[in-house]
Amino acid sequence: MRRLSGDAPSTTAAAPTPTDPEAGASADGGGRRGRVRSVAAWLTSILALLLIAFALLAPNQLSLFTPWAFLRLPVEALFVVALVLVLPAWARRAVAVPVGVLLGLLAIVKVIDMGFFAVLARPFNPVFDWISFEAGTDFVEESYGRTGAVVAVVGAALLAVGLLVLMTLAVLRLTRLVARHRRVATHTVAVLGAACVVCAVFGVQIVPEVPVSTLTYDRVQHVRAALRDHEVFAAEARVDAFRDTPGEQLLTGLRGKDVVVAFVESYGRSAVDDPFFAPQVGTTLDAGYTRLRAAGYAARSGWLTSPTTGGGSWLAHATLLSGLWIDNQFRYTHLVATDRMTLNRAFQRADWRTVGVMPGITQTWPEGNFFGYDEVHASKELGYRGPQFSWAQMPDQYTLSVFEQREHAGPDHPPVMATIPLVSSHAPWNPLPELVDWEELGDGSIFGPMARAGDSPGDGWQDNSWVRTQYGRAVQYSLNSIVSYLERYGDDRMVFVYLGDHQPAPLVTGENASHDVPITIVARDPAVLDRISGWGWQEGLKPGPQTPVWRMSDFRDRFLTAFGS
């Protein structure tokens with residue numbers, strides 16, 4: 001039967017001809033769009049691969065970022081690819097999503113590690129370090145204002161969520177790519193798997209001290225070790241040579257003395273030894289000792305190794321006062337729940353009045369009862385009406401003046417033992433106060449012009465030399481405040497112990513700086529320093545390069561032994 005012309009459309013009429021310009025343009029446009037989609041698909045796959053490579057291979061310290069750092073074989077990735085190759089299609093997504101989330105979490109931890117190394121010279125510990133986020137937020141708020149803190153928190157949250165989402169999408173995409181190219185993927189996994197075995201057995205290294213074969217499992221092992229730390233700490237805390245020592249046998253070599261233990265914020269070994277700081281800080285220490293000698297004082301100085309660096313001052317305070325190594329928040333929390341005999345409690349048991357003058361305590365501080373203070377003068381109770389100097393609530397000179405007026409000035413005051421954190425040398429070291437006449441301190445309003453004349457806390461931090469210079473100036477101010485106080489108010493009863501709590505951040509010290517801090521004992525009574533003549537400490541306010549180095553946790557027992565009966 002012949003088909004009528006109206007029964008179906010004519011295919012001949014619809015076919016484009018080579019001379020039809022619109023049809024040619026349509027064909028070329030489709031081809032271009034296809035090529036663009038193809039290029040975009042490959043770029044997306046490459047970006048997904050780079051994102052996963054960052055999570056698995058990137059170092060967790062910014063200073064280690066080099067192309068060679070990525071020349072390693074991620075065993076975890078090979079295992080996941082092999083799993084995808086043997087799973088049915090419906091199960092691949094069930095594997096890809098949790099793997100993507102885990103890689104996202106790993107990437108987040110690495111980013112946090114970078115921040116921790118930059119500030120605290122150590123990696124983030126997911127068991128102990130959650131309180132550091134609160135402390136960091138408080139630091140940003142007190143230094144840069146509430147708006148700065150809100151921006152920082154929101155930015156960090158968006159980064160974390162973005163990494164989780166993007167990493168999951170990246171794994172899903174590469175899973176589909178592996179499934180489409182099964183033959184190539186199988187051969188690649190086989191070759192790289194064999195290479196991993198060889199590298200692991202022979203310890204092959206392309207970059208010194210960086211094995212080619214690597215396992216994120218190592219990080220899990222660190223977490224397990226942290227979880228076991230409570231058993232280690234409990235065993236250490238059970239040992240206390242002075243727990244049952246009667247008060248009449250404690251501190252007999254200091255009877256009748258007023259003893260001050262002052263922690264100088266971020267006063268570390270680098271301030272004394274580093275060629276960048278040593279000329280200025282060394283001059284301050286030498287000139288300070290000359291002035292103190294003229295006032296009848298002598299001094300001995302040594303080194304202590306702090307349990308922390310860059311921050312976490314409360315860990316160092318607890319270490320020195322308790323005689324236990326407190327290098328994480330878990331240990332601190334468990335310590336303050338015990339009845340450990342702290343240095344303060346030893347003085348209290350021996351009939352000293354124990355006080356804390358705490359310019360950095362701006363909230364409720366129940367730990368004061370543990371340490372053994374008869375009274376704590378917290379920040380809001382110090383009567384300061386002057387400006388805040390970035391993080392520092394008040395200048396060190398004012399803090400020392402409050403101790404003098406409230407605890408030391410009375411001629412008939414009972415012997416007092418005071419713990420005083422001096423915080424003017426706390427980052428961000430801008431603006432900085434200057435010493436004024438002690439009679440003009442008043443309520444601190446005199447410092448107003450100094451704060452207004454200085455730069456804002458965030459200014460200058462792009463210039464590392466400027467940051468280091470400001471740090472050195474801040475330490476010099478704190479040291480000069482101590483010397484000036486002793487010149488003005490010190491007497492024959494005064495025994496002044498001051499030390500750094502920790503080194504500043506690696507931005508100031510450079511990479512791989514020690515955790516050592518200087519410690520100095522100043523007194524007019526020669527019998528006091530005779531008690532520590534066997535310590536090997538250097539005369540003056542500056543310890544020497546050959547002066548012994550002790551762990552900070554050793555100080556309590558050495559001090560109580562030297563000055564006990």
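Me: Two strands pair if DSSP finds at least two bridges between them. In which sense do E6 and strand E13 (residues 549-551) pair?

Reply: The model is predicted: local features need pLDDT of at least 70, side-chain atom pairs count only at pLDDT 80 or more, and totals for chains, interfaces and linings use all residues. Residues are numbered from 1 along each chain as its sequence is written, and side-chain values use heavy atoms, with hydrogens and water left out. Helices (H or I, at least four residues) and strands (E, at least two) are DSSP runs, numbered from the N terminus. In E13, Arg551 is the bridge partner of Thr305, and the three bridges between E6 and E13 run in a sense that is parallel.

Me: How many bridges join E6 to strand E11 (residues 516-523)?

Reply: Val517 in E11 is the bridge partner of Leu304. E6 and E11 run antiparallel, and the number of bridges that join them is eight.

Me: Which residue in E12 stands opposite Arg300?

Reply: E6 also pairs with strand E12 (residues 538-539), in the antiparallel sense and over two bridges. In E12, the residue opposite Arg300 is Glu539.

Me: How many of the eight residues of E6 are buried?

Reply: Buried means under 20% relative accessible area, exposed over 50%, and partly exposed in between (1.4 Å probe, protein chains only). E6 is largely enclosed by the rest of the structure, because its buried residues number six.

Me: Is Thr309 buried or exposed?

Reply: Thr309 lies in the loop between strand E6 (298-305) and helix H11 (313-322). Leaving aside neighbours within four places in sequence, Thr309 is in contact (heavy atoms within 4.5 Å) with Val119, Leu120, Ala121, His502, Gln503, Pro504 and His515. Its relative accessibility is 5%, so Thr309 counts as buried.

Me: What is the distance between the axes of helix H10 (residues 278-294) and helix H17 (residues 464-489)?

Reply: Axes are lines fitted to C-alpha atoms, for helices over the stretch in contact, and angles run from 0 to 180 degrees between N-to-C directions. H10 and H17 pack at an angle of about 0°. That makes H10 roughly parallel to H17, since angles under 35 degrees count as roughly parallel, over 145 as roughly antiparallel, 65 to 115 as roughly perpendicular and the rest as oblique. The axes of H10 and H17 lie apart by 10 Å.

Me: How many residues of the contact of H10 with H17 are charged?

Reply: The contact residues include Arg291 of H10 and Glu487 of H17. Ala, Val, Leu, Ile, Met, Phe, Trp, Tyr, Cys and Pro count as nonpolar, Asp, Glu, Lys and Arg as charged, and the others, Gly among them, as polar. The contact has six nonpolar residues and seven polar ones, while the charged residues number two.

Me: How many of the 13 residues of helix H15 (residues 396-408) are buried?

Reply: Among what covers the buried residues of H15 are strand E5 (258-264), strand E9 (416-422) and H17. Those buried residues include Tyr398, Leu400 and Phe403. H15 is mostly covered, and its buried residues number eleven.
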